[in-house]
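Let's take a walk through a protein fold together. Have the sequence and the 3D view ready, and follow along one piece at a time.

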Amino acid sequence: MIQASDSDAIARNIRTVLEHIRRAAERVGRQSDRIRLIGATKTVSVPRLREAMAAGLTEFGENRLQEAREKIKQIGLGQAHWHFIGRLQRRKAKAVVGLFELIHSVDSVELAVELNRRAAQAGIIQPVLLEINIGGEDSKGGFAPESVGEILPELNAMPHLLIRGLMTIPPLVTDPEDARPYFRRLRELAESLARSGQERIRMDELSMGMSHDYEIAVEEGATMVRIGTAIFGARRV
């Protein structure tokens with residue numbers, strides 16, 4: 001676990017994660033510079049975010065709107081790339097639109113409609129990812145992989161949303177290798193959806209993989225990995 005007194009620990013961890021990403025990409029013939037490292041920073045303090053920034057990390061994923069807004073206020077909207085990676089309620093759509101470079105967790109048509117409406121009011125186009133419940137778990141939100149294709153025309157008709165790709169959190173497994181089929185299925189789903197012919201639906205991004213399984217995710221096509229513990233240590237409640 002990272003100790004607060006170890007000022008170089010975060011920098012060392014970032015270097016280690018980047019090296020593991022590079023090696024995982026190399027194993028399958030991918031270019032590691034195509035894979036974006038997003039620091040998952042729920043409960044991570046601003047001073048520790050600044051340490052990560054000093055070590056070269058510029059992309060941060062936040063789960064909680066209120067916490068994120070305070071961090072963005074202190075660090076600055078233009079000083080880092082901010083991603084919203086948590087569960088998003090429709091009533092908070094207005095607050096997230098334009099604040100985050102990418103919203104990873106659009107899990108229903110109703111949420112997409114509200115985000116599109118709020119983006120229209122703001123006069124912007126909001127990039128988003130569709131969250132896929134790849135394991136069909138009752139405890140998780142997200143579109144069912146077998147039916148998400150049916151709603152693409154409806155999403156394509158929303159002029160103020162740009163669908164950039166897919167996100168998933170697979171079922172929790174002890175052995176990271178057991179997550180591989182879920183990551184592979186998400187990649188195959190993205191490839192299928194990319195052939196839908198919907199001009200506003202892009203499948204350029206796959207946000208998948210966290211601290212315990214990101215190397216497997218990279219091998220299966222992740223373009224973004226969301227890493228918390230492996231960079232910042234065990235979460236501080």
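**A guided look inside**

Keep in mind as you explore that this is a predicted model.

Let's begin with strand β6, residues 161-167. Seven of its seven residues are buried, so the rest of the structure largely encloses this strand. Now look for its neighbours. Strand β5 (residues 126-131) pairs with β6 in the parallel sense, over six bridges. To get from β6 to β7, the chain passes through helix α7 (residues 180-193), making a right-handed β-α-β crossover.

Next, turn to the nonpolar residues packed inside. The largest nonpolar core has 67 residues, and L37, F100, L115, L130, L166 and I231 are those with the most contacts inside it. Helix α1 (residues 9-27) supplies the largest share of this core, with six residues. There is also a second, separate core of five residues, including I38, L102, L129 and M224.

Our last stop is helix α2, residues 46-54. Which residues of this helix are buried? They include V46, R48, L49 and A52. Looking down the axis of α2, you would find its buried residues within an arc of 160 degrees, so they line one face of the helix. P47 and A54, on the other side of α2, are exposed. Among the elements covering the buried residues of α2 are α1, α3 (65-75) and β3 (81-84). Just after α2 comes G56, with a positive phi of about 105 degrees.

Terms used. Residues are numbered from 1 along each chain as its sequence is written. This is a predicted model: local features need pLDDT of at least 70, side-chain atom pairs count only at pLDDT 80 or more; totals for chains, interfaces and linings use all residues. Side-chain values use heavy atoms; hydrogens and water are left out. Buried means under 20% relative accessible area, exposed over 50%, partly exposed in between (1.4 Å probe, protein chains only). Helices (H or I, at least four residues) and strands (E, at least two) are DSSP runs, numbered from the N terminus. Two strands pair if DSSP finds at least two bridges between them. A crossover is right-handed if, with the strands pointing away from the viewer, the path from the first strand over the helix to the second runs clockwise. A nonpolar core is a set of buried Ala, Val, Leu, Ile, Met, Phe, Trp, Tyr and Cys residues joined through side-chain atoms within 4.5 Å. The arc is that of the directions from the helix axis to the C-beta atoms. Contact means heavy atoms within 4.5 Å.
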